[in-house]
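Have a go at each task before you read its solution.

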Amino acid sequence: NFAEYYGLGPGDSVSLVVLGRETVLEIAGTFTSPEYIWKAISEQEPFVGRGEFAVVMARAALVSRLLGSGDLMNEIVVRFKPDTDPNDVTNRLTETLSPFGIQSVTQGEDQISYSLLKLDLDGFGELAVAVPIMFLIITAMVIYVLLVRTIQSQQPLIGLMRAVGFSRGQVLRHFLMISVVIAVAGDILGIALGLALGRYVTELYADTIGIPYVVIATRIEIAAIASMLGLIVCVIAGFVPARRAANMAPSEAMRPGTTGVGGTQMLERLIPMGLLPYTPRLALRNLVRRWGRSLSSALGVAMAVALVIASVGMLDSMGHAFTVQFDEIQRYDMKVSFTQPTWSDDVGTYYGSWAEVSQSEPIAELPITMTHQGVSQNTLLAGLAQGSGLMRFDDFQGAEPLTYEGLWLTEGLARSLDVEIGDSIELASELGTSRQQVMGTVSQPLSGAAYARLTDVQALFGASYATGALLRLKNPDSVAETTAALERLHATTGVLAVERPDESRRSFEELMSLFYQFVGIFVLFGVALGAVAIFNTVTINIIERNRELATMRALGFSKLGVDMLLTIENMLGGALGILLGLVLGYLLEVELLSMFQSEMFSLDVFIAPMTYLIVGVSSLLVALLSQAPGLRSLHRTNLALATKQRIS
């Protein structure tokens with residue numbers, strides 16, 4: 001990945017600075033390693049720019065010569081025999097190697113590339129299960145509303161069928177077949193699209209992560225399960241209205257529908273109807289008098305709007321997380337890591353004197369293992385200058401960060417350790433063990449670190465050391481000055497690495513490109529399903545009232561008057577459904593984002609006001625445009641014939 005980024009290949013040369021000495025080596029080849037499929041420096045730095053981190057492999061003899069380490073080693077890799085207890089072997093290894101200054105023992109499942117890749121796959125796996133279920137539920141609701149309205153409009157026909165001898169079973173099977181036809185047609189199209197999209201998403205994921213070998217297999221059993229689920233959901237959705245139709249007595253079904261007046265009387269008490277123009281007044285009374293039909297229409301619109309809001313809201317939440325992490329919390333332009341600890345006073349003085357730097361602060365970081373009630377988590381303890389202006393935590397719980405001795409954990413880390421403010425946790429590092437009290441938590445979307453005052457972390461080192469520096473440039477938008485600062489840093493003795501938040505953000509967004517496309521597919525399907533649901537609802541509203549509207553026309557209502565009446569009714573009902581859908585969409589996004597919460601991710605639910613506005617206005621426009629076919633059909637109707645028909 002690093003070689004591709006810089007266009008390097010076998011035969012090219014690279015310059016390595018090892019222990020302050022520069023060595024030029026020839027590239028013999030490039031490789032992909034399972035240990036670095038997910039390219040991360042550590043668990044605390046899981047997202048790095050493609051050109052900021054490389055793994056260099058060489059023969060042991062060359063490495064020993066460059067390091068001057070002779071036969072010394074600093075890592076042992078072990079493969080277990082089958083049926084071995086990993087924890088038992090790990091404990092024995094720890095005990096055996098403890099005299100040699102063992103720093104940590106990492107089991108395969110805790111190896112950073114494996115654990116982060118598994119965390120990512122698990123998140124997508126939960127999403128891949130939850131979203132189809134969500135689609136099925138909403139589809140079931142749409143089909144239910146569609147069938148209820150269809151049966152209501154065909155109620156006289158049902159009565160006629162029952163009167164001429166059709167049995168309840170025949171009527172039930174007739175309307176259930178509508179659900180079955182919808183399900184079979186949807187299954188065929190869905191399986192074809194699903195197989196194609198499955199291959200596309202898999203290849204996209206492998207390319208994004210950099211997995212070298214991928215085998216894509218068509219799983220017939222998954223297609224069969226999906227097909228059966230689609231059929232079952234549709235049949236269940238259609239059974240209730242179909243059974244209601246089958247149980248209708250002929251005389252009851254053929255009797256003209258009655259509408260209640262209780263709702264209109266209450267409406268008169270709540271709203272001064274006499275002050276309203278005639279058409280809006282009639283529209284409001286129709287909505288309340290036929291409250292069942294109005295509610296079912298609003299419910300269909302609400303389900304569609306909720307799906308779109310939840311899908312687009314996930315994109316909003318991720319964008320909000322980027323803004324909080326890289327603009328509000330990480331306010332530095334560069335983070336410098338040293339090859340060995342340096343006196344913190346020297347750090348501020350040295351970098352603060354550079355012409356390109358406007359502010360510098362020392363930072364002391366220490367890899368630690370936190371343990372609370374038997375639960376352990378490897379993380380990074382970062383010591384920050386009190387009153388730091390380059391790492392800010394404005395959103396916190398408990399004591400204000402860095403004001404007292406103790407720890408502040410990110411919300412994800414606290415959740416992983418099941419820690420609450422005031423608890424005491426054990427810290428273990430290569431410098432020893434200690435216990436610290438949790439003074440508060442900080443909201444940091446894309447990190448799982450612990451923070452403390454710089455002086456408290458330095459106390460663990462036993463000296464006023466800094467392991468790095470945070471730098472703010474005078475002109476970060478100037479390419480020339482940024483390049484000059486980078487070149488000067490890379491040429492400075494003792495500088496191990498330079499991290500740039502803008503590059504980390506770009507790398508994060510590249511990694512999230514798959515997530516965006518994945519959610520983008522949900523949005524497209526949600527918009528399509530929403531448009532169909534709204535179109536069906538509005539069209540049925542017009543069709544089932546064909547006789548009523550034709551009668552109004554015959555009594556002297558103009559085409560414009562009828563159009564205005566229907567438009568006001570549909571817009572009011574649509575507005576009610578949209579408002580309900582906005583609330584349901586928010587709740588739905590809460591559930592979806594909960595699948596991505598971990599010690600590394602703590603995403604807040606955020607839906608931009610513009611998203612609510614765009615989705616709401618777009619839904620109203622769809623409802624408005626959906627009237628066109630029904631109104632055109634209505635205006636072409638023979639009024640004399642329509643007023644005599646019981647059904648259309």
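**Exercise 1.** Find how strand E6 (residues 396-398) is joined to strand E9 (residues 432-442), then work out how E7 and E8 pair with E9.

*Solution.* Step 1: E6 and E9 run antiparallel and are joined by three bridges. Within this pair, Gly 398 is opposite Gly 440 of E9. For these terms, helices (H or I, at least four residues) and strands (E, at least two) are DSSP runs numbered from the N terminus, and two strands pair if DSSP finds at least two bridges between them.

A word on the source: this is a predicted model, where local features need pLDDT of at least 70 and side-chain atom pairs count only at pLDDT 80 or more, while totals for chains, interfaces and linings use all residues. Residues are numbered from 1 along each chain as its sequence is written, and side-chain values use heavy atoms, with hydrogens and water left out.

Step 1: strand E7 (residues 407-410) pairs with E9 in the parallel sense, over four bridges. Leu 407 stands opposite Val 438 in E9, and Thr 410 stands opposite Val 442 in E9.

Step 2: strand E8 (residues 424-429) pairs with E9 in the antiparallel sense, over six bridges. Here Ile 425 has Gln 436 of E9 as its bridge partner. Two residues lie between E8 and E9 in the hairpin that they form.

**Exercise 2.** Describe how helix H19 (residues 559-594) and helix H20 (residues 609-635) cross.

*Solution.* Step 1: the two axes come within 9 Å and cross at roughly 145 degrees. Axes are lines fitted to C-alpha atoms, for helices over the stretch in contact, and angles run from 0 to 180 degrees between N-to-C directions.

Step 1: list some of the residues that meet. Among them are Leu 566, Met 571 and Ile 578 in H19, and Tyr 612, Leu 620 and Leu 631 in H20. Contact means heavy atoms within 4.5 Å.

Step 2: sort the contact of H19 with H20 by class, which gives 13 nonpolar, seven polar and two charged residues. Ala, Val, Leu, Ile, Met, Phe, Trp, Tyr, Cys and Pro count as nonpolar, Asp, Glu, Lys and Arg as charged, and the others, Gly among them, as polar.

**Exercise 3.** In the largest nonpolar core, which residues touch the most other members?

*Solution.* Step 1: this core has 70 residues, and Leu 127, Leu 446, Phe 515 and Leu 592 touch the most other members. A nonpolar core is a set of buried Ala, Val, Leu, Ile, Met, Phe, Trp, Tyr and Cys residues joined through side-chain atoms within 4.5 Å.

Step 1: find the helices behind this core. H4, H6, H19 and H20 are among those that each supply at least two residues, and H11 gives the most, with 14 residues.

Step 2: zoom in on Leu 592. Leaving out residues up to four places away in sequence, Leu 592 touches Leu 127, Ala 130, Val 131, Met 134, Ala 310 and Met 314.

Step 3: a second, separate core has 19 residues, including Ile 368, Met 370, Ile 425 and Val 457.

**Exercise 4.** Where do Gln 373 and Asp 418 lie, and are they buried or exposed?

*Solution.* Step 1: Gln 373 is in the loop between E4 and E5. Its phi is positive, about 50 degrees, although Gln 373 is not a glycine. Gln 373 is exposed, because its relative accessible area is 68%.

Step 1: Asp 418 is in the loop between helix H13 (411-417) and E8. Asp 418, also not a glycine, has a positive phi of about 55 degrees. With a relative accessible area of 52%, Asp 418 is exposed.

Terms used
Buried means under 20% relative accessible area, exposed over 50%, partly exposed in between (1.4 Å probe, protein chains only).
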